[in-house]
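Please look over the sequence and the model below. A short report follows.

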Amino acid sequence: IWDEYRLDQEINDRGILLDMEVVENAIRFDAFSKTDLMSTMKNMTELDNPNSVTQMKDWLVSKGIETESLDKKAIIELLKTVPTDVADVLKLRQQLAKSSVKKYQAMECSVCDDGRARGMFQFYGANRSGRWAGRIIQLQNLPQNHISDLDVARNLVKSGDYEFMHMMYDDVPDTLSQLIRTAFIPKPGYKFVVSDFSAIEARVLSHLAKEEWRTKVFADNGDIYCA
């Protein structure tokens with residue numbers, strides 16, 4: 001345990017290098033995107049504030065649609081049944097609600113003079129399991145990226161060309177979210193190797209507890225949380 005603690009201190013003291021051009025431009029792009037989305041939604045709905053839950057619910061009622069909530073799950077369900085014009089507005093609302101910029105803001109607030117962010121992990125932060133806890137930027141909880149042309153998207157953000165970015169990608173907030181991992185950079189001559197253990201705690205605990213039904217879910221590539 002002491003060896004792990006010493007390793008933790010080394011990791012936190014070394015920190016992780018950030019590409020601040022990507023970070024600062026991503027924050028700018030997000031602001032531009034939100035302005036564009038609000039303007040488009042205002043034109044489509046004629047609402048003063050399309051981001052208002054009350055106003056949006058009233059607008060939906062005027063279209064013959066009633067809903068208790070406008071959270072993520074509710075909108076996904078609504079998209080299955082609503083007309084195309086309503087679906088277009090709801091999809092824009094989904095983009096507007098995306099908090100892709102928060103991690104970039106955390107990077108901007110925590111970066112040190114040498115371009116590194118430090119103190120990202122807390123040793124034994126989870127009292128019950130004893131595992132590390134993520135802090136500040138939360139490196140243990142980063143969005144995955146599935147963009148086929150990831151380098152192109154990253155270079156567009158790095159160049160600061162928002163208009164081209166907006167032309168190339170329909171969903172700018174989602175693109176920025178998928179680029180979060182690329183804001184972390186290794187020093188010259190090195191590279192990052194990314195790995196992710198899928199539901200590692202649930203797998204190990206079910207094995208130790210001999211909960212065979214759980215082990216079977218994993219063996220069959222099922223979703224343990226749904227099961």
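Is F123 buried or exposed? F123 counts as buried, at 19% relative accessibility. The cut-off for buried is under 20%. This is a predicted model.

## Overall architecture

The protein has 227 residues, and 36% of them count as buried. Its secondary structure comes to 11 helices and four strands. Along the principal axes, the C-alpha atoms fill a box of roughly 65 × 50 × 30 Å.

Contacts between residues at least 6 apart in sequence were also sorted by separation. Of these, 60% join residues at least 24 apart.

## Surface and charge

The side chains include 29 positive and 35 negative ones. The centres of the two sets lie 5 Å apart.

## Aromatic pairs

The count of aromatic pairs comes to six. One of them joins Y5 and F123. Their ring centres are 5.4 Å apart and their planes stand at 70°, so the pair is edge-to-face. The cut-off for that class is over 60 degrees. The pair links distant parts of the chain, 118 residues apart. Y5 sits in helix α1 (residues 2–14). F123 sits in the loop between β3 (121–122) and β4 (133–134).

F123 also pairs with W132. Here the ring centres are 5.9 Å apart and the planes are at 80°, so this pair too is edge-to-face. What do the ring pairs link into a cluster? The members are W2, Y5, F123, Y124 and W132.

## Exposure within the cluster

F123 is buried at 19% relative accessibility. Y5 is partly exposed, with a relative accessible area of 34%. W132 is also partly exposed, with a value of 26%. Partly exposed covers the range between the buried cut-off, under 20%, and the exposed cut-off, over 50%.

## A buried aspartate

Where does D19 lie? D19 is in the loop between β1 (16–17) and α2 (20–45). D19 counts as buried because its relative accessibility is 8%.

Which residues does D19 contact, leaving aside its neighbours within four places in sequence? D19 is in contact with R154, K158, A183 and I185. Of these partners, R154 and K158 belong to residue types counted as positive, while D19 belongs to a type counted as negative.

Notes: Residues are numbered from 1 along each chain as its sequence is written. Side-chain values use heavy atoms; hydrogens and water are left out. Helices (H or I, at least four residues) and strands (E, at least two) are DSSP runs, numbered from the N terminus. Buried means under 20% relative accessible area, exposed over 50%, partly exposed in between (1.4 Å probe, protein chains only). Contact means heavy atoms within 4.5 Å. The place of a charge is taken as NZ of Lys, CZ of Arg, CG of Asp or CD of Glu. Rings of Phe, Tyr and Trp (its six-membered ring) pair if their centres lie within 6.5 Å; planes under 30 degrees apart count as stacked, over 60 as edge-to-face and the rest as tilted.
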